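Please look over the sequence and the model below before reading on, and keep both in view while you work through the points that follow.

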Amino acid sequence: MAESEGFPLAEPGLWVERTTARSFPAGRPALFLDRDGTINVDTGYPDNPVAMELRDGIAPVIEAANEHGIPVIVVTNQSGIARGYFGWDAFARVNGRVLGLLAEKKAFVDMVLACAYHEAGRGVLAVADHPMRKPNPGMLLEAGCRLGLDLSRSLIVGDKPADMEAGQRAGLARGWLVDGEGSTIGGFSVSPLRGAHHVEDLLAAIRSL
Ligand SMILES: [Mg+2]
């Protein structure tokens, strides 16, 4: 596909990009983050970089992981691409803007994975229940492989139950659900992330890794 040229695609529907030059010894735990609704305000299939806004409280979480040598990894479902709403070029612009807004706050993401596959998609992107699409754990496992992570000590922050399920199925230690409730999924503990005191709880967990 000509429109995909020059983009870091591991396959037609999977973006895998190292976004810092920081290196990590094998066996580190990671901080995984969903993007839309977790890092930036979810505008619904966001395709306009100018409209992107960070959510309150998330940049300090990423900065804490940076300071503690914890790799920060974005794992984002982008079915808008399969559905034909926008292309990888628009994804690149929006994602670049989100990473730029974080960088203005001295917060840096080390790797980005994005999955475009969806059953309602077109052409090669029309795949139901693709292993890389959350709630499947494929993107987390792929990052774990590439960076030699200790997934069993890793954390995930997301705004959907699918994010928490992906974390549980990847064997992560714990999750935080933006604007959600605490729960347990098969021994995997999910904590709410609704305000400053919950952010403090997450920061403490990152600092104790
Ligand atoms: Mg989300």
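Which strands does α5 lie across? In this predicted model, α5 lies across β6 (155–158), β7 (174–178), β8 and β9 (188–193), and the helix runs at about 165° to β6. The points below begin with the sheet and then turn to the metal site, the pocket and the backbone.

**The sheet and its helices**

- Nine strands form an open sheet with mixed pairing, and their order across the sheet is β1-β2-β5-β4-β3-β6-β7-β9-β8.
- The edge strands of this sheet are β1 (9–11) and β8 (183–185), each of which pairs on one side only, while the twist from one strand to the next averages 20°.
- Strand β4 and strand β5 (residues 111–115) run parallel and are joined by five bridges, and Val74 stands opposite Val112, a residue of β5.
- Helix α6 (residues 196–207) also packs on the sheet, where it touches β3 (31–33), β6, β7 and β9, and the direction of α6 makes about 155° with that of β7.

**The magnesium ion**

- The protein donors of the magnesium ion are Asp34 and Asp159, each through OD, together with Asp36 through O, and these donors lie 2.2 Å from the ion.
- Along the sequence, the donor residues follow the spacing D-x1-D-x122-D.

**The largest pocket**

- The largest pocket holds about 340 Å³ of space, and of the 17 residues that line this pocket, Asp36, Asp42, Asn77, Arg133 and Lys160 are the closest to its centre.
- Two or more residues of the lining come from each of the elements β4 (72–77), α2 (79–82) and α5 (161–169).
- Sorted by type, the lining of the largest pocket is made up of eight charged, six polar and three nonpolar residues.

**Backbone details**

- The peptide bond that joins Lys134 and Pro135 is cis, with an omega of about 20°, and Pro135 has its place in the loop between β5 and α4 (138–147).
- Tyr45 has a positive phi of about 45° although this residue is not a glycine, and Tyr45 is found in the loop between β3 and α1.

Definitions and conventions
Residues numbered from 1 in each chain as written. Predicted model: local features only at pLDDT ≥ 70, side-chain atom pairs only at ≥ 80, totals over all residues. Heavy atoms only, no water. 1 Å grid on protein atoms, 1.4 Å probe; cavity = no way out; pocket = protein on both sides within 12 Å on 5 of 7 lines; lining within 4 Å. Points joined across faces, edges and corners; volume = space filled by probe spheres on them. Helix = DSSP H or I, 4+ residues; strand = E, 2+ residues; numbered from the N terminus. Nonpolar A, V, L, I, M, F, W, Y, C, P; charged D, E, K, R; others polar. Pairing = 2+ DSSP bridges. Axes fitted to C-alpha atoms, helices over the stretch in contact; angles between N-to-C directions. Contact = heavy atoms within 4.5 Å. Donors = N, O, S within 2.8 Å, 3.2 Å for Na, K, Ca; no water.
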